[in-house]
Amino acid sequence: MRAAIVCRQNKARSPFAEAVIKFHFPELHTLSLGLEEDPSEEVSEFAVALAEKWGIGPLKKKAQILKSTGNPLATSDLIVIAEDRSEEHTSELQSHSDL
């Protein structure tokens, strides 16, 4: 099974969720992605520290943006949108995939 976690910039929510899922379900192929590019590619230091504190790290070091990764959503069995405005982002995700 493949799971994709998506948030706006892939700097805190989705990388942290990816680490939690990988920790509890290591058999899943899991990745996290962002919808928007940002000049700073670094994942949040707070998210990294929290993952270490919870013992679920390490988190990836650099953000990954959806449009630079091909089309991993088309092959995902589960897509989690880690955004407070998920309805707004659903149509954007549909433009990237055969959902």
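A polar contact is a pair of N or O atoms within 3.5 Å; within protein, one must be able to donate a hydrogen and the other to accept it, and residues adjacent in sequence count only if both atoms are side-chain atoms. The model is predicted, so local features need pLDDT of at least 70 and side-chain atom pairs count only at pLDDT 80 or more, while totals for chains, interfaces and linings use all residues. Residues are numbered from 1 along each chain as its sequence is written, and side-chain values use heavy atoms, without hydrogens and water.

**Exercise 1.** Find which residue caps the N-terminal end of H2.

Solution. Helices (H or I, at least four residues) and strands (E, at least two) are DSSP runs, numbered from the N terminus. Helix H2 covers residues 45-54. Its N-terminal end is capped by Ser44, with a side-chain oxygen 3.2 Å from the backbone nitrogen of Phe46. After H2 comes Gly55, with a positive phi near 75°.

**Exercise 2.** Classify the one aromatic pair of the whole structure.

Solution. Rings of Phe, Tyr and Trp (its six-membered ring) pair if their centres lie within 6.5 Å; planes under 30 degrees apart are stacked, over 60 edge-to-face, the rest tilted. The ring centres of Phe16 and Trp54 are 5.2 Å apart and the planes stand at 70°, so the pair is edge-to-face. Phe16 belongs to helix H1 (residues 13-24) and Trp54 to H2, so the pair ties together parts 38 residues apart in sequence.

**Exercise 3.** Decide whether Phe16 is buried or exposed, and likewise Trp54.

Solution. Buried means under 20% relative accessible area, exposed over 50%, partly exposed in between (1.4 Å probe, protein chains only). Phe16, at 15%, is buried. Trp54, at 53%, is exposed.
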